[in-house]
Amino acid sequence: MNGKHIKLLSLDTSTRNTGYALYINGKLQNYGVLTVKSREPTDTMLLRLSELLNEYKPDIVVVENAVVVRNARVQRDLTMILGAIRFWSIQNGSCFYTLNPTEWRRLVKDD
């Protein structure tokens with residue numbers, strides 16, 4: 001690896017509360033939740049995510065796939081959030097992956 005630190009940022013996105021965890025070389029370094037008030041537009045979450053991505057500059061971004069919801073507006077907002085993260089990844093040369101909730105749970109399941 002020649003001393004390179006591989007940064008992976010995992011995201012559990014939502015329009016109001018987005019959880020994140022930063023791993024460097026497979027070790028948890030930081031985690032938290034980005035929170036947006038209910039009266040704030042989805043753009044506020046997009047800006048917070050952009051700040052987080054620009055701060056950590058991950059080599060790999062893993063996002064939990066959005067589960068289909070019954071509310072069309074929420075589904076559109078989640079799709080925009082996912083698209084913005086993917087666009088940031090493409091623009092910055094980061095690998096981008098999505099995982100379904102069942103895949104995610106299987107990977108982190110503690111046996």
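## Strand pairing and helix packing

Strand 1 is joined to strand 2 by a hairpin of 4 residues. The model under discussion is a predicted one. Strand 1 covers residues 7-12 and strand 2 covers residues 17-24; the two run antiparallel and are linked by 6 bridges. Within this pair, serine 10 lies opposite alanine 21 of strand 2.

Strand 2 and strand 3 are antiparallel and share 8 bridges. In this pairing, glycine 19 faces valine 33 of strand 3.

The remaining pairings involve strand 4, which spans residues 60-64 and pairs with strand 1 in the parallel sense over 4 bridges. Here leucine 11 stands opposite valine 63 of strand 4. Strand 4 also runs parallel to strand 5, to which 5 bridges join it. Valine 63 has threonine 98 as its bridge partner in strand 5.

The pairings may be set out as follows.

| Strand pair | Sense | Bridges |
|---|---|---|
| Strand 1 and strand 2 | antiparallel | 6 bridges |
| Strand 2 and strand 3 | antiparallel | 8 bridges |
| Strand 1 and strand 4 | parallel | 4 bridges |
| Strand 4 and strand 5 | parallel | 5 bridges |

In general, strands of a sheet pair through backbone hydrogen bonds, in either the parallel or the antiparallel sense. In this model, 5 strands form an open sheet in the order 3-2-1-4-5, and the pairing is mixed. Its edge strands are strand 3 (27-35) and strand 5 (95-99), each of which pairs on one side only. From one strand to the next, the twist averages 20°.

The helices are considered next. Helix 1 (residues 42-56) packs against helix 2 (residues 72-91) at an angle of about 25°, and their axes lie 10 Å apart. Because angles under 35 degrees count as roughly parallel, helix 1 is therefore described as roughly parallel to helix 2. The crossing of helix 1 past helix 2 is right-handed.

Which residues of helix 1 meet helix 2? They are Thr42, Met45, Leu46, Leu49, Leu53 and Asn54, and they meet Asp77, Met80, Ile81, Ala84, Ile85 and Trp88 in helix 2. The residues of this contact comprise 9 nonpolar, 2 polar and 1 charged.

Technical notes
Residues numbered from 1 in each chain as written. Predicted model: local features only at pLDDT ≥ 70, side-chain atom pairs only at ≥ 80, totals over all residues. Heavy atoms only, no water. Axes fitted to C-alpha atoms, helices over the stretch in contact; angles between N-to-C directions. Parallel < 35°, antiparallel > 145°, perpendicular 65-115°, else oblique. Left-handed = near helix turned anticlockwise from the far one by under 90°. Contact = heavy atoms within 4.5 Å. Nonpolar A, V, L, I, M, F, W, Y, C, P; charged D, E, K, R; others polar. Pairing = 2+ DSSP bridges.
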